[in-house]
Amino acid sequence: MVELQGPPDRPEHLIILSSVCGSSAHVLGIQSEAKTRFEVMRIAQVAPLYESIPPRLYGGTERVVSWLTEELVRLGHDVTLFASGDSVTNARLVPACSRALRLDPQCKDPFAHHVLMLEKVFAEVANFDFVHFHTDYFHFPLSRRQDVPCLTTLHGRLDLPDLVPVYQTFREQPLVSISDSQRIPLPWANWQGTVRHGMPRQSLTFSHGDGKYLAFLGRVSPEKGVDEAIDIARRSGMPLKIAAKIDQADRAYFEQQIRPLLNCGGVEFIGEISNDEKNSFLGDAAALLFPICWPEPFGIVMIEALACGTPVIAYNRGSVPEIMVDGVTGYVVDDSAGAIDAVKRLREIDREVCRRHFDRHFSVERMAQEYVTIYKRLVRGEALPLTLDDGVPSWTDLVSPNTTT
């Protein structure tokens, strides 16, 4: 007979109270050890180095990595984070550079820092049960040559012809999509699941939208549709506040296409804002405008708005229909005319329902649990099988090759 004292998943707490068959005790010890291995894992999270973890200002992928890392630590896993040295985490931090590269004026070649980070990851890969990459495909030649299970979450767009030979060559690499729509250009890749982003419930709080303005939050770039947002607000007769970063690659676009539009009345360009400023910016808004003109893999700003109780008016592209419920959490429209009509119907949206939709579908607890389920399956060697059909990618007419979210 065997009794357990303390947590039953810890083999050192197995107390043999009477004689048992040696083989039975051995089997019980193996089962308990296996249970520990799968329930408490040594996990490496490998982040991009462009922003800190979490980012000081804008940064979609890096913010998701932060949310996931902290939740895995809270669940009791032994987590190591490879990221920039100015990151803040409860995990063990292995700095790959001193500070986030986008804000480092000394950084001229960001890829050099990512190569050095990969060397650090694989120098100690034997210390992990699992490695989770958020750095696109850069690690594929290394991860295919060792035995520790690896997973790659793809955070960017996949409808670029240059990507096809990469994912065909490294077709065995396990991938996770952040929306089902993201997979469409590469349906034959080694998809192990779709895990939509989730954020801590307490990070943003419910507000009543007393500001009576429309909000735009994100990047100033052609695919994000800030020009569309300005047009929608102007024709709706509502003020618009724009909180957005301008990457160097988009500086000319801003100066030539967007700055002239800021002269019309009722448009306020705020620039980048921190996470602490988001609650009032989004929560006070009557609605968030999300007039994208590209297949957005996952618009984090949509779930941030819903967390504040703020409805979203979004163009029907990319992941939008997977996140939004038309007529319930806002409106999914086809064009500016539909968006203008949606502005007139904002009173029909219950802001408390928007918050409940966030709580139910986009919490960090749900996201982390879905990832852990995939981790355990891959550690057990139970990867989902590859599809047999290579498929034929169908390309969208793109307005910008920018691959970030």
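Student: Why is phenylalanine 138 called partly exposed?

Tutor: In this predicted model, phenylalanine 138 has a relative accessible area of 36%, and because buried means under 20% and exposed means over 50%, that value falls in between and the residue counts as partly exposed. Phenylalanine 138 sits in the loop between β6 (130–133) and α4 (140–143), and together with Tyr50 and Phe111 it makes a nonpolar surface patch of about 280 Å².

Student: What makes arginine 196 and aspartate 180 a salt bridge?

Tutor: Their closest N and O atoms are 3.1 Å apart, and because the cut-off is a side-chain nitrogen of Lys or Arg within 4 Å of a carboxyl oxygen of Asp or Glu, the pair qualifies as a salt bridge. The pair links distant parts of the chain, 16 residues apart, with arginine 196 in the loop between β9 (191–194) and β10 (214–219) and aspartate 180 in the loop between β8 (175–177) and β9.

Student: How do you know that arginine 196 is partly exposed rather than buried?

Tutor: Its relative accessibility is 22%, and since buried requires a value under 20%, arginine 196 counts as partly exposed; aspartate 180, at 41%, counts as partly exposed as well.

Student: Why are the buried residues of α12 said to line one face of the helix?

Tutor: In α12 (residues 351–361), Arg351, Cys354, Arg355, His357 and Phe358 are buried. Seen down the helix axis, these buried residues fall within an arc of 155 degrees, so they line one face of α12, while the face turned away from that buried side carries the exposed residues Arg356 and Arg360.

Key: Residues numbered from 1 in each chain as written. Predicted model: local features only at pLDDT ≥ 70, side-chain atom pairs only at ≥ 80, totals over all residues. Heavy atoms only, no water. Patch = residues over 30% accessible without salt bridge, like charges linked within 9 Å, V, L, I, M, F, W, Y side chains within 5 Å. Areas by Shrake-Rupley, 256 points an atom, 1.4 Å probe, with all protein chains shown as cover. Helix = DSSP H or I, 4+ residues; strand = E, 2+ residues; numbered from the N terminus. Buried < 20%, exposed > 50% of the residue type's maximum accessible area, 1.4 Å probe, protein only. Arc of directions from axis to C-beta.
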